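Subject: Structure for you to look at

Hi,

Here is the structure I promised to pass on. Please open it and keep it beside you while you read my notes.

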Amino acid sequence: MASVSARLSIIGETSSCEPDQDANSALTELDKGLRSAKVGEQCEAIVRFPRLFEKYPFPILINSACLKLAELFRTGTNFHRTLILRVMQQSQKHLDKILNLDEFVHRLYAVIHSNDPVARALTLRTLGNIASVVAEKKSIHHSIRNSLDSHDAVEMKSAIYATGKFAAQSNTSQAEKSKNLICSVIALQVNDLQLVNGGGWKLL
C-alpha cells in the first residue's frame, strides 16, 4: 500500500513539473530561433511569442522572453523591430508580468537615440504599446515631446501615436495636457500648409 502511495506521489510531482518543463523547452526553442544566423528563422521565432505567452502565462517566462525580444529590438534591423512591435501589441495583457521592467525598457529605449528616423519611429510606437507599464517614466515623456518637433513625418506621426497611448494611461490632468499637446502639433502642421492653385493644399 505504501508503495502505491509513493508511486502516486511521484506521478503527481512529475505531472506538476511538466508545464514548467514544456514552457522552458518552448522558450529554449524560440531563443534558438532568435539567435539563428538566418533572418527567416529569427522572424519566425518572433511571431510565435504571443502564442507562447498565451499558453504559458508565467511571469518568469514572460520576463525572460521579453528581455530577449528587447535585446533583439536594440541590436536588430527595422524589420525585426516591426515584428517585435506587433508582439507587444498582441501581448498587452501580459506586460504587467515583466519582472525586470527597467532593463526591458532600457534595451528598447536605447534605439530612440538612433540616427535612423524609422528606427526612432518604431521605438516610439513600441513604447506607446507598453504605456500601461511605463506611463510615468519621465524620460520617455521627454523623448516623445522631442519627437513631436521632428522634421521627419514618420517619426512625428509615431510621436503623436505614442502621446495618445500615454494619455490613455495617465491621470486626468496629464491626459488633458497630452491631448492639448497633440492639438498644438496639428495646429503647427496646418500652419505649414499653403493654399495654392485654386484650393489645393501644398506642404511647404
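Start with residues 4-17. Their pLDDT (the predictor's confidence in each residue, from 0 to 100) stays under 50, and the model gives them zero contacts beyond four places in sequence. Contact here means heavy atoms within 4.5 Å. Residues 193-204 also have a pLDDT below 50, but this stretch has 13 contacts in the model beyond near neighbours in sequence. Over the chain, pLDDT averages 82, and 73% of the residues score at least 70.

Some ground rules. This is a predicted model, so local features need pLDDT of at least 70 and side-chain atom pairs count only at pLDDT 80 or more, while totals for chains, interfaces and linings use all residues. Residues are numbered from 1 along each chain as its sequence is written, and side-chain values use heavy atoms, with hydrogens and water left out.

**The core**

Which residues touch the most other members of the largest nonpolar core? They are Phe 49, Leu 52, Phe 53, Phe 104 and Ile 130, out of 46 residues in that core. A nonpolar core is a set of buried Ala, Val, Leu, Ile, Met, Phe, Trp, Tyr and Cys residues joined through side-chain atoms within 4.5 Å. Buried means under 20% relative accessible area, exposed means over 50%, and partly exposed is in between (1.4 Å probe, protein chains only). Helix 4 (residues 59-75) gives the largest share of this core, nine residues. Helices are DSSP runs of H or I, at least four residues, numbered from the N terminus. Domain 1 (23-110) and domain 2 (116-170 + 178-193) both contribute residues, so the core lies between them. The domain bounds come from an automatic or database domain assignment.

Now look at Phe 53. Leaving aside its neighbours within four places in sequence, Phe 53 contacts Leu 61, Ile 62, Ala 65, Cys 66, Val 87, Ser 91 and His 94.

**The cysteines**

Cys 66 is buried at 2% relative accessibility. Cys 43 is buried too, at 10%. How many disulfides does the whole structure hold? The search finds zero. The test was a pair of cysteine sulfur atoms within 2.5 Å.

**The salt bridges**

A salt bridge is a side-chain nitrogen of Lys or Arg within 4 Å of a carboxyl oxygen of Asp or Glu. By that rule there are nine.

One of them joins Arg 48 and Glu 29, with the closest N and O atoms 3.4 Å apart. This pair links distant parts of the chain, 19 residues apart: Glu 29 is in helix 1 (residues 2-34), and Arg 48 is in the loop between helix 2 (39-46) and helix 3 (49-55). Both ends are partly exposed, Arg 48 at 31% and Glu 29 at 45%.

Another pairs Asp 102 with Lys 137 at 3.0 Å, N to O. Asp 102 sits in helix 6 (residues 101-109) and Lys 137 in the loop between helix 8 (131-134) and helix 9 (138-148), so parts 35 residues apart in sequence are tied together. Asp 102 is exposed at 57%. Lys 137 is partly exposed at 25%.

Last, find Glu 71, Arg 74, Glu 103 and Arg 107. Salt bridges link these four in a network.

Best wishes

Conventions: Helices (H or I, at least four residues) and strands (E, at least two) are DSSP runs, numbered from the N terminus.
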